[in-house]
Amino acid sequence: MTGEERGPDVEAYAGLGGWTPDSLAVPGVVRKVVSAPHPVLSRAADEVDPTAEETIRLAADLVATMKVSPGCVGLAAPQVGVGARVFAVDVTGHPKAVTVHGTFVLCNARVVEATRWKPGREGCMSVPDLTGDVKRASRLVVEGDLPGSGEPVRLVTDGFEARALQHEIDHCAGLLFLDRVAGAHAIYQRKVYL
């Protein structure tokens with residue numbers, strides 16, 4: 001599946017209230033990504049105070065780590081060894097992305113509406129040698145809090161960005177994409193390493 005690349009539209013940014021990673025006002029530090037079977041990846045993460053200093057630093061670190069990781073479109077706090085419900089997403093420039101909200105971080109995110117379920121191939125930095133076919137909603141409504149301001153937001157998205165959000169929300173619930181595949185027949189050895 002290919003999609004026309006385009007920049008974020010005005011309506012997409014409206015869902016984030018103009019938030020950007022610069023809103024965090026702290027530099028991010030690149031962290032080491034943990035791999036399965038690290039125990040933090042299989043535990044439900046704790047809710048956070050989005051205005052707390054440690055949450056703001058964690059958000060900046062997630063963005064920094066995601067940006068230096070080739071092919072990475074999302075990264076959750078459990079993937080850097082922190083049991084917190086915080087994740088970063090950026091599908092900008094990905095050939096499968098149509099709806100694009102740019103780079104953003106959400107705290108305590110939850111799916112409030114999920115429709116139009118479709119299978120698709122997924123990979124994960126915490127499962128570097130495998131990919132798998134996972135059925136996910138291709139239209140999604142998510143609510144969460146912005147780090148720093150703590151402002152509640154509601155994002156409406158679809159397609160590849162919806163898949164990325166669900167993947168990261170699963171990480172915060174202690175689930176890997178391997179927990180969502182239909183069986184061993186839907187798991188593949190990774191052929192391309194980014």
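**Fold, packing and main pocket of the predicted chain**

The chain has three helices and six strands, where helices (H or I, at least four residues) and strands (E, at least two) are DSSP runs numbered from the N terminus. Read from that end, the order of elements is α-α-β-β-β-β-β-α-β. This is a predicted model, with local features needing pLDDT of at least 70, side-chain atom pairs counting only at pLDDT 80 or more, and totals for chains, interfaces and linings using all residues. Residues are numbered from 1 along each chain as its sequence is written, and side-chain values use heavy atoms, with hydrogens and water left out.

As for overall size, the C-alpha trace spans about 45 × 35 × 30 Å along its principal axes. Some 48% of the 194 residues count as buried, meaning under 20% relative accessible area with a 1.4 Å probe and protein chains only. The accessible surface comes to about 9400 Å², 54% of it belonging to carbon and sulfur atoms (Shrake-Rupley method, 1.4 Å probe). Of the contacts (heavy atoms within 4.5 Å) between residues at least 6 apart in sequence, 71% join residues at least 24 apart.

The largest one holds about 1200 Å³ of space, and 42 residues line it, with His94, Arg121, Glu122, Gly123 and Phe160 the closest to its centre. Here a pocket is an open set of points on a 1 Å grid over the protein atoms alone, where a 1.4 Å probe fits, with protein on both sides within 12 Å along at least five of seven lines; lining residues have an atom within 4 Å of a point. The volume is the space filled by probe spheres set on the points, which are joined across faces, edges and corners. Strand 3 (104–124), strand 4 (127–145), helix 3 (159–172) and strand 6 (187–189) each supply at least two lining residues, and strand 3 gives the most, with eight. By type, the lining divides into 17 nonpolar, 14 polar and eleven charged residues. Ala, Val, Leu, Ile, Met, Phe, Trp, Tyr, Cys and Pro count as nonpolar, Asp, Glu, Lys and Arg as charged, and the others, Gly among them, as polar.

Helix 3 also carries alanine 162, which counts as buried because its relative accessibility is 0%. Leaving aside residues up to four places away in sequence, alanine 162 touches Ala137, Ser138, Leu140 and Thr157. Alanine 114 sits 48 residues from alanine 162 in sequence, with 9.1 Å between their C-alpha atoms.

Definitions and conventions. Buried means under 20% relative accessible area, exposed over 50%, partly exposed in between (1.4 Å probe, protein chains only).
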